[in-house]
Amino acid sequence: GMYTGQFVYCGKNATLNVGNVLPIGQMPEGTIVCNVEGKAGDRGKFARTSGNYATIVSQNTDTRKTRIKLPSGTKKVVDSNCRAMVGVVAGGGRMDKPLLKAGNAYHK
């Protein structure tokens, strides 16, 4: 995971390390990503809630399209220039413990 003081790099020259942001066309298939853009430059729309991630399924170099599997299970085709952050969003397991009553949600 990420840690305090870690250097985070963005752009097409960034390495494939957790926390770095790079175009999904440059990542290998099977890479776990989060905060994926729907259209190039829209600053991330998919897989942003706690513990969620998307997986790169396949790349099509001819049409510059990439197929990703979203947390809902649906597969979506996005442009290979769309950026994504490598890794999983923090806060996984948030829904495992039930709140039990409305008051716990109210006083949260």
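Start by selecting Ser80 and Thr66: their side chains are joined by a polar contact of 2.8 Å. A polar contact here is a pair of N or O atoms within 3.5 Å; within protein, one has to be able to donate a hydrogen and the other to accept it, and residues adjacent in sequence count only if both atoms are side-chain atoms. Before you click on, note that this is a predicted model, where local features need pLDDT of at least 70, side-chain atom pairs count only at pLDDT 80 or more, and totals for chains, interfaces and linings use all residues. Residues are numbered from 1 along each chain as its sequence is written, and side-chain values use heavy atoms, with hydrogens and water left out.

A polar atom of the Ser80 side chain lies 3.4 Å from the backbone nitrogen of Lys65. Ser80 sits in the loop between E5 and E6; strands are DSSP runs (E, at least two residues), numbered from the N terminus. Is Ser80 buried or exposed? Ser80 counts as buried because its relative accessibility is 4%; buried means under 20% relative accessible area, exposed over 50%, and partly exposed in between (1.4 Å probe, protein chains only).

Next, pick Glu37, in the loop between strand E2 (32–34) and strand E3 (54–60). Glu37 has a relative accessible area of 2%, so this residue is buried too. Its side chain reaches the backbone nitrogen of Arg43 at 3.2 Å.

Now bring up Arg83. Which residue forms a salt bridge with Arg83? Glu37 does, with the closest N and O atoms 2.7 Å apart. The pair links distant parts of the chain: Arg83 is in strand E6 (residues 83–86), Glu37 is in the loop between E2 and E3, and they are 46 residues apart. A salt bridge is a side-chain nitrogen of Lys or Arg within 4 Å of a carboxyl oxygen of Asp or Glu, and the structure holds one. Arg83 counts as partly exposed because its relative accessibility is 38%.

For the last stop, select Lys39, Arg43, Lys45, Arg48 and Lys76, which form a positive surface patch. Patches are made of residues with over 30% relative accessible area and no salt bridge: like charges are joined within 9 Å, and nonpolar side chains (Val, Leu, Ile, Met, Phe, Trp, Tyr) within 5 Å. Zoom in on Lys76, in strand E5 (residues 75–79). With 31% relative accessibility, Lys76 counts as partly exposed.

Technical notes. Areas by Shrake-Rupley, 256 points an atom, 1.4 Å probe, with all protein chains shown as cover. Lys, Arg positive; Asp, Glu negative; His and termini not counted. Charge placed at Lys NZ, Arg CZ, Asp CG, Glu CD. Helix = DSSP H or I, 4+ residues; strand = E, 2+ residues; numbered from the N terminus.
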